[in-house]
Structures are given as C-alpha cells and as structure tokens.
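Please open the model in your viewer and keep the selection tool at hand. The tour goes from one selection to the next and says what to look for at each stop.

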Amino acid sequence: MDWRRLAYLWPSNKRREEREMQEELASLAAMAEPRELGNLTLAAERARQTWHLTSFTGVAADIRHALRALRRDLWFLAVAVLSVALGVGANTAVFSFVDAYVLRPLPVPNPSELLRISNSTPNARVEGLSYPDFRDIRDASRSFSGLVAFRSASLRVALDERAAPQLRDGIVASNDLFTVLGIVPPLGRTFLPETVERSSELPGAVLGHDFWLREFGGDRSVVGRTLKVNGIPFAVVGVAPASFPGIGTASTRRPAVFVPLAVWDHLEGARANPLEDRGRHELRLAGRLRAGVSRSSAQAELAAIASRLERDHPETNRERRIVLRTELGLRLAEDLEVPLFSALLMTLVALVLAVACFNVAGLLLQRAQARRREIAVRLAIGAGPVRLVRQLMTESVVIALAGGGLGLGFAHIGIRFLSRYHPPDAVTLPGMRLDSRVLLFSLAVTLLSSVLFGLGPSVHAARANLVSALKSGPPTPGRPRRVTVRNVLVVGQITATMLLLVVGGMMLEGSRRRVGAAPGYRVDHVMAVQADPGVLGYSAARTRRFYLDFAERARALPGVEGVALTEREPSHPTDYRLVPEGHRPPLTQAGYDVLRVVCDDRYFATLQMPTLLGRGFSVADREGSPRIGIVNEQFVARFWPGQAAVGRHLRLERADGPDVEVVGVVRAPIRDDYVAPPGAAVFLPYEQNRQPRMTLLVAYAGDAAAMAASLRAVVHDLDAEHPVPDVRTLESYDREGARAVSTFVSWFLALGLIGLGLAVVGLYALIAFSVSRRTSEIGLRMAVGSTRAGVLRLVVRQGLTVAATGVALAALVVGLTHVALAGSFYADAVVALLPPNLPTYVGVPLAVLAISAVAALVPARRAASIDPMDALRHE
Amino acid sequence: MELLQGTLDMLVLRTLVLGPLHGYGIAKAIRASSDEALEIEFGSLYPALKRLEIKGWIASKWEKSEQNRRAKYYRLTPAGRKQLVDERSRWAEFVRAVGRVMAEEPR
C-alpha cells in the first residue's frame, strides 16, 4: 500500500479527484474519435479503485459482515462479550473511584491555575498555616492574583433563635474564597471585605447547597434570615451552587455553612485568639497564579517569605517551609494510603482486563481455526492479507464495543459496591452521572482491549497456509514450533491469573489475621462520649473543668464501673513523633513515628490494660511537676529491646524537645488503623498535656441504650447549650474497623473471583483446544504402538510445561515486586495489608497447575479413546 | 496484439520520456511507435495513469493542447525515470531469457 493513498481518505481530496477525473475524461473524449476510447464509465470506475483504498466505503460492509459472522456463533459471542464487559466494567468502576479520590480536579473554573500552599516541617510533609502567616504571605507575595485561606470546622448550628443547636460540618474561609475559586452563588452574595464582616452586627454566612435543600427546602427567601453558629447570630447572605460541594480532602463532608474567617475568634469564644496566634497552624491555603508568573518563581518567593517568618518568629516558625503544590500533588503528599490503595486496585483491574483479553484472544484463535477454510477461500479469491486483518479486526471492535456497552452496566453496579464505604455526603463521590471523564476512560479501555485481543489472532489467521487450509480435514501438523501464539496466550493467561490470585490470597490472609483477633483490651461494655465544649466558646480552664466535672458525674451514675478521660477512643490514637534516649533522630525527620494517647490516671484500669513494670499515672502528676510518660511493650521492643525502660527518658517531637521520664510499661496493644499490627505507643498524662477535645470512656454494666441516655443527660446538665454529644460503644468502633476491612477485602475478592472465573474458562478452553488440535497426531502415536497411558503422560507433561512457564513468570514478577518494595516508603503498609504467606505462595501455583493439568487431561483422554484408524482417516 | 501482463506501465513511462502528453496522446503514441501492432485499451490505460501518479512516477498538470484545448498533461518525474531504467533492464533480461528458451527447436 502506498501512503499517498491515505490522503484520499479525506473526503474533500476524494471529491476534488473525482471532479478532476470527470473533467479530464470529458476533455479526452472531445479529442478522440467517437467510441475510440471505449467504455469511459468502466475506465473511471477502475481509476477510482486506485485511490479509493476500496476502504472507507468498505467499513459499513465490514461491520455488516462482522455482525453476520458473529451471529452464526452465538455461544462464542456471548462468552467474548461477557469477558470484555467484566474487564471494562471493573476498570471503569475502579477508575471512577480513583478519579473521585485522587485524580479529579476541583470543580472550579481553570482548576490548573489554582495551586495549594501548605507548611512542611521536619515532622510533617503537609501542615496548615497560621492566620498571621497567611496575612503576611498575602501582603508580601506578588505571585498570586488571589490568595485564600480556609479550614473545616465542626460548628454548632441553630436554624433560628429557638431551634436546638446541632453539630454540623462547616468551612471557615477568608472573605474572597468564592471570588478567587471563581464560584458564583446562584442566590444572594458571598462575603464582604474582612473589616466590614468583622465590624458588622451580623456577619454573613453562605449556605451549602445540600444543607439549603435539606433544611430550608430550597426556599429562595432564605437570604436575610438569621442563623446561630456557635451561639453567634449570622445573616444568611447567599447559597453556594450545587456544582461546588466544598473543598477539602477526599473524605471531607460537604459543608453545611461557610462563615468568614474574619470572625474565627468569635466562633472560638474565650479561647486564645486564633487570628493573632502564630502557633495555630490550621489553615489551608489556595492561590491563583498571576498571569505570566511561573510556579518555580512563586515557590522561590514563598521560600523567601518562609525564611523571613522563621527569622522573625523563631518560636513558632522554626523549620517551617512553605510548599506550593498542585491539587493532585497535595492529595498525593497528604495521604499515602489512598494513592497506594488506588495503585493496587488499578493494577488488579488491569490484570482482570488482561485475563479477559487473553480469553477473547484464545476464543478468536479457535474461531479462526474453525474458519480456516472460509479465510483461505477469501485469500484465494484475492482478498489481501491487510484486507482480511481489517475484516477480522472489525469483528474484534464490534465485540469490544458490545462488551464495553454491557461493561458500563457492570460498572454502574460496581460503583455502587465501591461507594458502600464512602461517606454519602463527602465533597468527592465516585460516580457515573454521565461523567465524561469516566465514559472517555471506559471507551479507551474498550478500544485498547479490542487491539489487545484482536490483533494477534487476526494477523495469525491471515498468514494461514493456503494450500493445507484448503484441503479438507484437520490441518496436518507441520514442523512443531516451540513458541506458538497459543502457547504465548496460555503463558500470559496463567501469569495474569497467578498474580491476581496471589494478591487475593494475601489480602484474605491479611484480613483473616486481623478480623478474628481480639483487640487486647476491654471493648465490651465501654462507652465513648465525644463532648466538645470548644463550640461553646469555653476558655482552656473552663474546658478542663467541664471534662473533670463530666468524669466526676459519670462516675456517680448507677451501673458505672470505671470512667477515664482520653484524647480519643483507643482505636484512633494520634500520630506523633519523639526521640527516645539512646537514639538519634532519623535523617529525614525530626523524630520517630509513634502513636500517642493523652489520658488520665484511670485509663489503664478502665480498659483493663495491665501495668507490667513501674507505675501508672497518679494525681501527683500534674502541671508543673516533672513530666512523665508510660510506654507499651511494642515501644520497648522497638527502641530498647532487652533493656530496662523505666527511668529512661524521651524527647517529645524533636531531639531538643520537652524531656519526659518513662515511669511505667503497660500491655496496651493499640493500633494506628484496623489492619496494622499494634504499634509503639507513648501515653502522656492529661494534666501535663491538656488537649482542647477529649473523649470520656465509661465502663458499665447493664443496658447500653440506658447508659447512653444517662450520659447525654449529664452533658445537658453541665451546659444546656452543648449539642447532643456523640455516644458510641467501643465495640461499635471495632465493628466499624472490621467492616471497613471486610469491605475492602470484598472488593479485592470480587476482582479476584471475576479474574479466576474468566481465567478458568479461558485456560481450560485454550489448553483443551491445543490438545484437541492434536487428535490425529495422538491417533498416529497410538497406531504405531504408544500406550494410552503414555499418550496421556505426554500431553499432560506438555501442558504442564507451558503452565509452569507462566507460574515461573508470575513468581518472577512477585519476587521483583518484593525487591522493589523492600525498604521503600510503602513497605510496611503493603505488608500489613498483604502479608506474604506460605499458603498463598504454595497453594496458588499448585491450584493453577492442577487446573492446567485437568484442562489438558480431559481432551487428551477423549483423543486417546478414539480408534486410531478413525483419527488417521481424517488425514 | 494484446499487451503482455504488466508491460503497460513500462510502455507509458517509456512514451513520456519524449515529453509530456495527455492521456489520449499516450495511447496514440504507443500505437504509432509500435507500428500499430499494440492495441492500447483506454479502459486499462487510464487507471494505469492514475496508479503511476499515486506512486509518484509521473505527474500531471492542466495545459493547453495544440488545438488550443485544455487537457491534462502527464510528464515523467525523476523517480519515474529511475523506475524506467529498472524496468528496461528487467525487460531486457526477460526477453533474453525467453529468447534462449524459445531458440531451442523442439524435437
């Protein structure tokens, strides 16, 4: 084929050529004698063929032909379409999930211009900034056309003067948040300049769209009404558009209300003024780059500002860099688990797709074999190989598109399945909703799969040996080739299946180890109460008083066995850093990662965590007395193995941080998250480490509902303005963790099962087909004296050789992955989620080899049982 | 006399060595230079011109004919000239080979 012909695919070129030809023929006819040139119409038609490629006009015919050919073989069509549909469906569903969590840009105009600014310290890659820092950056920076700050906050919202306040998620934002993001409220306006909002009697509040619909029924006269947030009246000035669900991390809930940052201090009441406190690094920043300013120059400017801030405010800004990132960059830096999990899911669905493609490729190959005569006849009567490949590829594309269409249906089910663990009111949600990104992705996957499974078999078929194909009967086995397309398919299929099953097996083992295990401390009949007097505007001293009173009154309730104050329930310890005695801080960060629990002197007794060495906390450990701490067994094993821990010292946060003496060792197997093994933890006394929000743990006997009601009544008694607190049993936290794990495991298991089902069908078909092709050879062997058993051994051995190649290849991939991950950032997380284990590493290869052996044996027996003369007569 | 399969392209290229000609002119020229022995069917010649043009061996241009009529004139391109040299030597070889075979009188 000449590439110049491709120009004629362009319709206007073709039309021009046609016009020219007619003109030329007319001019020649005028010169020649009548009839001298013969049949001009025929000449024109033949000339047309030279540039027509016969092609484009042929596509419709190809599709018609493909449909006719496929209709003849409905069984083949059904299996092929279903395979593609499962592959495309799984990929689309997972992409939708990954898109929502990681990839999708913010729903604002020109999202790529919008950059995120955060602090980065030796102990944290991403941290917030303080309001004074934000103010200084905004005043000093020339790189941004707009710079905004915001934070999520739990707010006490009352719809009017008399309504009971309820806890809602909200966003406290600088006044130009909406302007800089480019969001126009469909109703009302946004915030006024900071000074105006601050001096106003009624600062403005913008309602979230969902909240507006739910609480006000979409009433347009809501603008002008008064709302009470944390006890302060606000005027509703506008409603955010439905297209803007809020801004935050993947699991941030949609904000009910946006309130101006200018009154942040009022919202916090008598606590220290956050607008003047450079130590409260709590704000997230976003800025739009000014036209013509590069990211690197903006970053350089921010770095200069950061070092100036560090010089001027060493006590709050030491080693605090300011980092500029894209939205995607921030998401990847902020949370490691989600990208890791996404990568794992994407890899697995890619494997499922590979298995599906191998399946269809195998089927196509068999089909081509069955159609050898048809194909040979077409080649013989002049269809070029290219033309034939095109026809066969058209069939592949038709199969792929049908599968892709059905796959979207599967994807829809898959997305609902994947969304089960997703908060239904998060700012990001996976979904189809005619999402062009998801649809585009699935179309790309569909077309890719048609090339993957179609091209090889089509080319193979078109290269068929005409002479042998046209003869009747099965093909004479030619020179046996070691590497055939079929063998490559079988090896690929086995490798992909193996990898899927190995990951599935490790996943299952990981969850089995965890879900069955007891937590290692009392969760039975323990209630966790999260009260937050912060929303009442309490001072620090009054907050402490509130918690102590609450604990005292709870202790007096009938049926209560013990009460403890802690930062959060034991299944959610705080990530913390410190430097234990005898250790130097690691190179990349200021301290070692450990878990921290701030609690009172009753904590260990209430949760039945025995003290192994030294002592527990006492009332003597108060503010001003020497700072002490308690560590768990895991801590000792990690930092001071085989050494005495009691009496040794720790430095909190960094090598020159506050000094803490270890006074005891407890058996307290607390975990960072549900899947992880118990980690090294340090326990610090509440009185020496006051936190603004604490949780009350109440061990009790009797009915849970009655106890919860009494505890709520106590909070109401303490301050009637306090919103109804969250009261839950520790068991429910445990169950929640187990449910999360089993949800994730069920995703992987579903993928594994889909892959396994596809693979078994495909593998059996491929191997069985290979063997059945050798029926006549087997007959020949038997005729010259082979025994039945000998033939079976031969066939099974050959089948197993191919299967073993696939197993070895998969083992190589697993091994390389181990090597690549070893010592990497992700190693611990991967091992916790996917523990390597013997049953998987031995069981999966054996199972795969067994399936392969059976797949070879069944058709071999059939072949060996026929009369040798029958088999030979076919020749 | 009918043309041997595959020789038409060569004849067209050879004819155009003498100068640009239109489609009808090429047909007449081949007939004339073969002393009317070769009958060129226009239904074959015209698609051959298109084929050679796509291959880049000849190029066409609208010009005025000697009778002052507009006609499309074909001329040889450098690539076509090279192709002609190739085909000519192949043809000579073919003729020699066929000649050797046919020279032996059957007994």
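Begin by selecting strand 3 and strand 10 (residues 284-289) of chain A, which pair in the antiparallel sense over six bridges; strands here are DSSP runs of E with at least two residues, helices are runs of H or I with at least four, and both are numbered from the N terminus, while two strands pair if DSSP finds at least two bridges between them. This is a predicted model, in which local features need pLDDT of at least 70 and side-chain atom pairs count only at pLDDT 80 or more, whereas totals for chains, interfaces and linings use all residues. Residues are numbered from 1 along each chain as its sequence is written, and chains are lettered from A and ligands numbered from 1 in the order in which they are written.

Within this pairing, pick Phe150(A), whose bridge partner in strand 10 of chain A is Arg284(A).

Then select strand 7 (residues 226-229) of chain A, which runs antiparallel to strand 3 of chain A with two bridges between them, and find Lys228(A), the bridge partner of Ala158(A).

Now colour strand 3 of chain A (residues 144-158) by burial: 11 of its 15 residues are buried, so the strand is largely enclosed by the rest of the structure, where buried means that 20 or more other C-beta atoms, placed from the backbone, lie within 10 Å of the residue's own.

Finally, show both chains: 18 residues from chain A and 17 residues from chain B take part in the contact, which is counted when C-beta atoms, placed from the backbone, lie within 7 Å.

Conventions
Two residues are in contact if their C-beta atoms, placed from the backbone, lie within 7 Å. A residue is buried if 20 or more other C-beta atoms lie within 10 Å of its own, exposed if 12 or fewer, and partly exposed in between; C-beta atoms are placed from the backbone.
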